[in-house]
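Student: I would like a close look at one part of this model, the strand pairing, together with the helix packing and the backbone exceptions that go with it. Please give the cut-offs as you go.

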Amino acid sequence: MTPFAAAATDRLVLMNPGPVVLDDRVRAALSGPDLCHREPEFADLLARIRHKTTLVAGGGDAHTAVLLTGSGTSAVEAVISSAVPPGGGLLVIDNGHYGERLADIAAAHGIRTHRLEAGWAVPVDLAAVERALAADPGLTHVGVVHHETSTGMLNDVAGVARIAHAYGREVIVDAVSSVGAERVSPAEDGVDWLAGSANKCLEGAPGLAFVVAATDAFERLGAFPRRTYYLDLHRHYTAQAKSGLPAFTPGIPACYAFEAALDLALAEGRDARHARYRALAERLRAGLEALGLELLLPPGQRAVGLTALRLPPGTGYEELHRGLRAAGFVVYRAQERLAADHWRLSTMGRITAADIDRFLSALADLLRDRADSTDVAEGGTR
């Protein structure tokens, strides 16, 4: 039996922050009929997805969505490379790996940046944002990550947007790990450009990303020279909004799955999904603390989709991953400066309270077995 067959038979719980455990209806939609992307049936599917994505992302009548085949980073790169005008600049709010990524993307396209490096897991300093914008009128855009997935921190996007708009700047939000479960809205929060992904809190299959913005903002991109070809947002917008068809061949099975996931998200509602994720996260966090484990962030700074925590004393990540994978759970390594002593657990997707309880039991067994073996080893050397 292959590992894939085993996973289909015995429930494998993905506690990594995307891809996520799918609803059976989303998984079934992946096997939709073969379809040419230039046919009217796909045009109808694309129009429905764009409309539903706009609604789920908190857009209003003035907003629209552009769908991309790619990971969430493709949407972030498409926005940065397309929306910042020639001669413009990007103020990057950097308090984690994905904040750093905003600056790296801008640099790759020759866009001038100013980085506000708060430090990993440090909340956004709104006063510093205001000082930076006041000092440099050439910073036309502000880039911020909503859910900084490297730490699990939720950043104050609405506060950033208020300050940026007071200075006449636009805001680019990486909402890849938050849209669908956390409160973020182009219409209500003043987010000018929202980049998201199908396969995290929206619980679709991997392979699709999207950008939500005002329709007239997409239109204005036509006046800018293109920095990219495939990721040029105006190209995608023109194809999808004017002809109703994609600019390039899309991931059609993922589109089927995404529409099914969007229908479920709209039926559940953002507040209800937020409450479901929060209940799972709180159940998980209480159990972790009961085991004596140290969480990275204080309660008021945590997103509902992910928990970062310190590794148990004397236990490496590989050992944890191996033992928990054998018990049916995929956990996630921390990144870069946190990798040596932290790990991460996601509560995105169709994880249940029973899954959380089984996970905590498996983790407790693993830690107990390790403690017992350590005691035996130490006793044998005395």
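Tutor: What follows takes one set of paired strands, then a second sheet with its helices, then a further helix pair.

The model is predicted, and local features need pLDDT of at least 70, side-chain atom pairs count only at pLDDT 80 or more, and totals for chains, interfaces and linings use all residues. Residues are numbered from 1 along each chain as its sequence is written, and side-chain values use heavy atoms, with hydrogens and water left out.

Helices (H or I, at least four residues) and strands (E, at least two) are DSSP runs numbered from the N terminus. Two strands pair if DSSP finds at least two bridges between them. Buried means under 20% relative accessible area, exposed over 50%, and partly exposed in between, with a 1.4 Å probe and protein chains only.

Start with strand β9, residues 193–197, where five of its five residues are buried. In a regular strand the side chains alternate between the two faces of the sheet. In β9, Trp193, Ala195 and Ser197 point one way, while Leu194 and Gly196 point the other way, and all are buried. Strand β8, residues 170–174, pairs with β9 in the parallel sense over three bridges. Alanine 195 of β9 is the bridge partner of aspartate 174. With β10, β9 runs antiparallel, and five bridges join these two strands. Here leucine 194 stands opposite valine 212 in β10.

Strand β10, residues 208–214, is also joined to β2 by seven bridges, again in an antiparallel arrangement. Leucine 68 stands opposite alanine 209 in β10. Strand β2, residues 63–69, is mostly covered, with six of its seven residues buried.

The loop between β9 and β10 holds glutamate 203. Most residues other than glycine have a negative phi, and most peptide bonds are trans. Glutamate 203 has a positive phi, near 65°. Its relative accessibility is 3%, so glutamate 203 counts as buried.

Two bridges hold the antiparallel pairing of β13 with β14, residues 342–346. Arginine 333 has tryptophan 343 in β14 as its bridge partner. Contact means heavy atoms within 4.5 Å. Axes are lines fitted to C-alpha atoms, for helices over the stretch in contact, and angles run from 0 to 180 degrees between N-to-C directions.

Glutamate 336 sits in the loop between β13 and β14. Phi of glutamate 336 is also a positive value, near 45°. At 43% relative accessibility, however, glutamate 336 counts as partly exposed.

Helix α12 also packs against helix α11, residues 252–268, at an angle of about 90° with the axes 6 Å apart. That makes α11 roughly perpendicular to α12. In this scheme angles under 35 degrees count as roughly parallel, over 145 as roughly antiparallel, 65 to 115 as roughly perpendicular, and the rest as oblique. Leu264, Ala265 and Glu268 in α11 meet Ala272, Arg273 and Arg276 in α12. These contact residues divide into three nonpolar, no polar and three charged. Ala, Val, Leu, Ile, Met, Phe, Trp, Tyr, Cys and Pro count as nonpolar, Asp, Glu, Lys and Arg as charged, and the others, Gly among them, as polar.

A further helix pair is α6, residues 126–135, and α7, residues 157–166, whose axes come within 10 Å and cross at roughly 25°. α6 and α7 are therefore roughly parallel to each other. The crossing of α6 past α7 is right-handed. On the α6 side the contact is made by Leu126, Val129, Glu130 and Leu133, and on the α7 side by Gly159, Val160, Ile163 and Ala164. By class, the residues of this contact are six nonpolar, one polar and one charged. A crossing is right-handed if the near helix is turned clockwise from the far one by less than a right angle, and left-handed if anticlockwise.
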